[in-house]
Amino acid sequence: MKYLNEYRDPVLARRLIEQIRREATRPWVLMEVCGGQTHTIVRQGLDALLEGAVEMVHGPGCPVCVTPLEQIDRALALAARPDVVFTSFGDMLRVPGSECDLHQIRARGGNVRIVYSPLDAVELARRTPDRHVVFFAVGFETTAPANAMAVWRARELGLDNFSVLVSHVTVPPAMTAILESSDNRVQGFLAAGHVCTVMGWTEYEPIAARYRVPIVVTGFEPLDLLEGMLLAVRQLEQGRHEVENQYVRSVRRDGNQPAQELISQVFELVDRSWRGIGAIPRSGLGLREEFARYDAERRFALDGIRTVEPAECRAGDVLRGVLKPMDCPAFGRLCTPEHPLGAPMVSSEGACAAYYNYGRFRASLPV
Amino acid sequence: MSTDTLAAGGLTCPAPATDVDRIQLGHGSGGKMSAALLRDRFLPHLGNPTLAQLGDAAVLAVGGASLALSTDTFVVHPLEFPGGNIGDLAVNGTLNDLAMMGARPQALSAGFVLEEGLPFDVLDRVVRAMGRAARTAGVIVATGDTKVVERGKADGLYVNTSGIGLVSAEFRPAPDQARPGDVVLVSGPLGRHGIAVLAARGGIDFEVDLESDSAYLGPLVERLREALGPDVHTLRDPTRGGLASTLNEIAAASDVGIALREGTIPIPEAVAGACEMLGFDPLYVANEGVLAAFVPAARAGDALAALRSHPLGQHAAVIGRVVADHRGMVVLETGIGGTRIVDLLPGDQLPRIC
């Protein structure tokens with residue numbers, strides 16, 4: 001695959017690994033923010049190849065994982081309604097709510113459909129005027145422009161049978177929360193390349209300066225990640241703490257401004273609770289007042305949601321980088337992809353799923 | 001029954017609240033949910049020593065002969081896709097299950113569930129493709145059945161085919177016969193059927209220049225048989241659940257480890273690209289015209305030559321080896337030198353968010 005294989009070259013990768021090992025005078029703790037990056041690292045075994053030089057802890061950047069349980073339960077309540085077609089990205093279907101997941105709702109007769117784009121959900125609403133189509137708008141800044149576009153388009157078409165259940169979050173407040181916490185171990189960040197493609201990196205400059213941490217905007221292929229690590233290690237060794245851009249083929253300092261404008265026309269900053277982490281002020285996006293009629297939470301009475309989180313699940317510690325998935329007592333025993341206790345064991349971007357699916361051999365777990 | 005071996009899904013979990021009380025789509029994925037379905041719902045009532053082997057086909061002693069018997073039901077949507085339709089798929093699928101046991105297929109049955117409103121021209125194309133596939137394989141459709149259900153109660157049409165074949169004592173490859181020192185070969189590029197059907201299904205705006213690989217694999221098996229005889233330890237066609245699921249089943253059944261080399265596995269560009277976009281792993285994508293073979297390392301060259309001597313096996317490759325370590329597990333050595341395990345999937349692969 002052109003433009004992908006170049007970033008997976010084994011010879012260059014080994015050279016970068018040697019370079020990181022040469023430059024690191026002590027083991028540094030870095031956090032990759034995005035779950036897509038986590039999966040590349042664990043899938044390629046990069047963490048093991050860098051043992052002793054770099055310890056990678058895995059960040060909160062898995063949209064499925066941080067979507068709060070009450071929003072999942074609201075999604076389940078909506079999906080169970082006979083007058084609703086509930087549309088979602090495929091990833092969300094297996095995330096456990098308090099009592100069940102969307103797959104089970106579908107098995108019980110709920111109309112749950114996977115879509116590949118929120119605009120497909122708008123199109124579905126246009127074609128089925130007798131049903132109300134809800135789209136589950138989750139994700140970070142990466143998915144926000146497309147989701148904003150869907151709402152925009154629904155208004156343009158004058159649709160009255162389309163709404164979104166919003167659970168958008170933004171990265172910088174989460175990074176700040178991690179750095180502020182008393183048990184923080186993170187010494188440098190690999191920022192999520194696709195989030196920065198939309199937002200640029202100006203938001204990260206005050207964080208790097210204030211907390212004296214290097215932040216390297218990094219891509220998703222093995223060579224991207226290794227180069228990002230090398231840049232971060234080099235900064236740490238030299239006592240620098242700057243924002244650097246490894247992902248130059250996609251990211252500019254100011255990001256994608258038309259996309260940012262679209263986001264701010266449709267969404268506004270709101271307080272948002274993160275599953276496993278808790279409430280973070282002004283860390284999420286909610287629909288602006290003028291788009292209130294597209295807000296599923298306002299269209300449908302969704303009060304009285306009582307959530308039950310399994311006591312054994314330590315997803316929050318995993319998402320903050322405090323606990324490695326394998327060190328969780330429930331990992332692989334009480335909690336598996338078939339019987340997940342928390343969302344990180346489900347999502348294709350979840351850290352626990354990455355360790356379970358790719359790493360169990362090395363963890364020498366009982367099988 | 002062709003769903004996989006149970007040992008591979010054998011992690012015991014005190015079932016939490018997410019346990020289910022009815023069928024979900026994931027039960028049909030060929031992964032862990034399918035294994036649990038067999039274990040919990042079918043084997044307690046239907047279990048017997050023959051069924052318990054859970055091979056693609058069962059081998060029965062009838063009179064003086066050994067007969068292989070296999071059955072498979074086809075529910076593909078759409079009914080027609082680039083490279084084939086449900087008709088040739090239903091013939092090739094069942095015949096391949098027989099061929100993987102070393103059987104020479106003799107006859108098929110075909111049972112149809114037809115939905116009210118199905119256009120005759122679609123049905124004609126499907127049945128024509130069935131006939132063509134059967135003739136190509138040299139078998140007859142010896143008996144059949146049709147049922148019609150109300151509109152909305154079937155997805156156009158469903159087909160079940162069963163087949164019988166003759167087995168000889170000298171050539172009995174089986175899922176539990178792989179042993180350390182074997183190499184793993186595949187007969188061709190992976191993932192074409194699954195991605196071709198997915199692209200034909202619509203809902204995703206991407207175009208792939210790809211045809212299903214649906215084909216009868218008997219000729220490849222014959223060539224391996226001539227060249228290697230009983231040195232062919234195991235043969236399987238990685239259909240639903242893809243190569244990863246098939247190799248996990250073999251690792252469990254033979255109680256061996258399997259080590260794959262990432263760069264050696266033939267995956268067409270179009271498959272790799274589509275998977276990259278959807279967040280799929282090509283190792284879990286279905287094939288309908290590829291086989292995996294396990295032979296002693298010393299015979300790898302002969303096996304490759306035998307496979308490559310037929311058009312279906314032109315791109316055959318050695319992709320890994322059988323080891324005595326990490327029994328029951330499939331491990332992939334990545335291009336960069338790391339390793340990861342290739343596990344059974346818990347359910348269907350789902351497209352990711354971003």
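Predicted model: local features only at pLDDT ≥ 70, side-chain atom pairs only at ≥ 80, totals over all residues.
**Stop 1: chain A as a whole**

Select chain A and view it from several sides. Its C-alpha trace spans about 65 × 50 × 45 Å along the principal axes. A compact globule of 367 residues would have a radius of gyration near 21 Å, and chain A, with 21 Å, therefore agrees with that expectation. In a cartoon display, the secondary structure of chain A comes to 16 helices and 11 strands. Of its 367 residues, 57% count as buried. Consider next the contacts in chain A with a separation of 6 or more: residues 24 or more positions apart account for 77% of them.

**Stop 2: the two domains of chain A**

Colour residues 1-304 of chain A as domain 1 and residues 315-357 as domain 2. The C-alpha centres of these two domains of chain A lie 17 Å apart. Their contact takes 26 residues from domain 1 and 18 residues from domain 2.

Now select helix 2 (35-44), strand 2 (54-61) and helix 4 (63-66) of chain A; each supplies at least two residues of the side of domain 1 that touches domain 2. Which element gives the largest share of that side? It is helix 2 of chain A, with 5 residues. By class, the side of domain 1 of chain A that touches domain 2 has 13 nonpolar, 8 polar and 5 charged residues.

**Stop 3: strand 8 of chain A**

Select residues 215-218 of chain A, which form strand 8. In a regular strand the side chains alternate between the two faces of the sheet. Here Ile215(A) and Val217(A) point one way, while Val216(A) and Thr218(A) point the other way. Are these residues buried or exposed? All of them are buried.

Strand 7 (residues 188-192) of chain A runs parallel to strand 8 of chain A and is joined to it by 4 bridges. Within this pairing, Leu190(A) stands opposite Val216(A). Strand 9 (residues 243-245) of chain A also runs parallel to strand 8 of chain A, with 3 bridges between them. There, Ile215(A) stands opposite Val243(A).

**Stop 4: strand 8 of chain B**

Move to chain B and select residues 182-186, its strand 8. Because 5 of the 5 residues of this strand are buried, the strand is largely enclosed by the rest of the structure. Both of its faces are covered: Asp182(B), Val184(B) and Val186(B) lie on one side, with Val183(B) and Leu185(B) on the other.

Which strands pair with strand 8 of chain B? One is strand 11 (residues 292-296) of chain B, in the antiparallel sense over 5 bridges. In that strand, Pro296(B) is the bridge partner of Asp182(B). Another is strand 12 (residues 317-323) of chain B, in the antiparallel sense over 4 bridges. Val184(B) stands opposite Gly320(B) in strand 12 of chain B.

Finally, display Leu185(B) with its surroundings. Among the residues that Leu185(B) touches, not counting those up to four places away in sequence, are Ala292(B), Ala293(B), Leu304(B), Leu307(B) and Ile319(B).

**Stop 5: the largest nonpolar core**

In soluble globular proteins, nonpolar side chains tend to be buried together. The largest nonpolar core of this model has 214 residues. The largest share of this core, 8 residues, comes from helix 12 (residues 222-238) of chain A. To end the tour, select the residues with the most contacts inside the core: Val164(A), Ala191(A), Met229(A), Leu185(B), Ala293(B) and Val330(B).

Key. Residues numbered from 1 in each chain as written. Chains lettered and ligands numbered in written order. Core = buried A, V, L, I, M, F, W, Y, C linked by C-beta atoms within 7 Å. Buried ≥ 20, exposed ≤ 12 C-beta atoms within 10 Å, placed from the backbone. Contact = placed C-beta atoms within 7 Å. Domains from an automatic or database assignment. Nonpolar A, V, L, I, M, F, W, Y, C, P; charged D, E, K, R; others polar. Pairing = 2+ DSSP bridges. Rg over C-alpha atoms; globule rule 2.2 N^0.38 Å.
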